[in-house]
Amino acid sequence: MLDIGLPKLNGIEAARRIRQLSPSSRIIFLSLYNSPDVVQGALSTGALGYVHKTDAQSELLPAVDAVLRGRQFVSSSLKDCEFTDTSGEKTPHRHEVQFYSDDAVLLDSFSRFIAVALKAGSAAIVVATESHRETLALKLKAQGLDVDAATQQGRYIQLDVGKTLSTFMVNDMPDAARFFEVAGGLFEAAAKAAKGEHSRVVACGECSPLLCVQGKPDAAIRLEQLWDEAATTFEVDTLCGYALSSFHGEEDKHVFLSICAEHSAVYSQ
């Protein structure tokens, strides 16, 4: 029995690993998440059961019975949606990083990334400093995008990097449970606002980079790992932006390489 927001490894990734090591394991998810995408993501691991926590009192034991008999069980409150228990491959999510020499490079990269998403009907999340958010909005408007309308629709979400970090940092490290609660709610809201049959959610962020600037590289790397787990679950494409000036020669080489290793693609300019 697994929850989604576990302290160190999200439940969907845990289920994948369990199934790899023990393919005959019977897995039931018990979670507060009721997004169809999350439920499908959980069942795509090979799990047979998904019980919404609000239904647990009446449905948990029937779910256990059904799963032990090899049948799929999904909470009655989720029955309006169709789910499959196949473990077919999904479109891989992107978790890329842009190392930049000046703000112009960062903002050009962010604006291109976001513009493509918004024009396709997808939703975009920006977690950045106030000055970067303001300049980014101007760049998007210059490309013909109605930023105000996208914001009202919930397809363009702008968050302050410092305030966002304060919601899940504990003793200078990201708290996994708090992070998954914050990120999960954010990704679900963006996904609901997205338009189009093949719409997705994309995000540009400076949370881990700010931790690096503050001299907290371990926290930055841990946050990248947590973000990737959440982004995998919700299929969110991400572009992070790190200032090259944050890294000082040989002493920061290990940190630089560790950050690169947490991303699916690395760009430097």
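Predicted model: local features only at pLDDT ≥ 70, side-chain atom pairs only at ≥ 80, totals over all residues.
**View 1. Confidence along the chain.** The pLDDT (the predictor's confidence in each residue, from 0 to 100) has a mean of 87 for the chain, and 94% of the residues reach 70 or more. In residues 85-91 the pLDDT is below 50. Beyond near neighbours in sequence, this stretch has 16 contacts in the model, a contact being heavy atoms within 4.5 Å.

**View 2. The open sheet E1-E2-E3.** Helices (H or I, at least four residues) and strands (E, at least two) are DSSP runs, numbered from the N terminus. Three strands make up this open sheet, in the order E1-E2-E3, with parallel pairing; two strands pair if DSSP finds at least two bridges between them. E1 and strand E3 (73-74) are the edge strands, each pairing on one side only. Four bridges link E1 with strand E2 (residues 49-52), and Ile28 stands opposite Gly49 in E2.

View 3. Buried means under 20% relative accessible area, exposed over 50%, and partly exposed in between (1.4 Å probe, protein chains only). In a regular strand the side chains alternate between the two faces of the sheet. From E1 the chain passes through helix H2 (residues 36-43) to E2 in a right-handed β-α-β crossover. Right-handed here means that, with the strands pointing away from the viewer, the path from the first strand over the helix to the second runs clockwise.

**View 4. Strand E10 and its two partners.** Eight of the eight residues of strand E10 (residues 236-243) are buried. Val236, Thr238, Cys240 and Tyr242 point one way, and Asp237, Leu239, Gly241 and Ala243 the other way. Strand E4 (residues 95-100) pairs with E10 in the parallel sense over six bridges, and Glu96 stands opposite Leu239. Strand E9 (residues 201-205) also runs parallel to E10, joined by five bridges; Gly205 has Cys240 as its bridge partner.

**View 5. Two nonpolar cores.** A nonpolar core is a set of buried Ala, Val, Leu, Ile, Met, Phe, Trp, Tyr and Cys residues joined through side-chain atoms within 4.5 Å. The largest has 54 residues, of which Phe29, Tyr50, Ile125 and Phe179 touch the most other members. Helix H10 (residues 217-234) gives the largest share of this core, nine residues. Apart from it lies another core, of 24 residues, including Phe110, Ile114, Ala137 and Leu145. Leaving aside neighbours within four places in sequence, Phe179 is in contact with Phe168, Gly184, Leu223, Leu226, Trp227 and Ala230.

View 6. The whole structure holds nine salt bridges, each a side-chain nitrogen of Lys or Arg within 4 Å of a carboxyl oxygen of Asp or Glu. One of them joins Glu13 and Arg16 (3.2 Å, N to O). Both residues lie in helix H1 (residues 11-21), three residues apart, about one turn of the helix. Glu13 is partly exposed at 22% relative accessibility, and Arg16 is partly exposed at 24%. Arg17 is linked with Glu13 and Arg16 in a network of salt bridges.

**View 7. Salt bridges between separate parts of the chain.** Lys139 and Asp108 meet in a salt bridge (2.8 Å, N to O). Lys139 lies in helix H5 (residues 130-142) and Asp108 in helix H4 (residues 103-119), so this pair ties together parts that are 31 residues apart in sequence. Lys216 and Asp172 also meet in a salt bridge (3.2 Å, N to O). Lys216 is in the loop between helix H9 (207-213) and H10, and Asp172 in the loop between strand E7 (169-170) and strand E8 (173-174), so the pair ties together parts 44 residues apart in sequence.

Terms used. Residues numbered from 1 in each chain as written. Heavy atoms only, no water.
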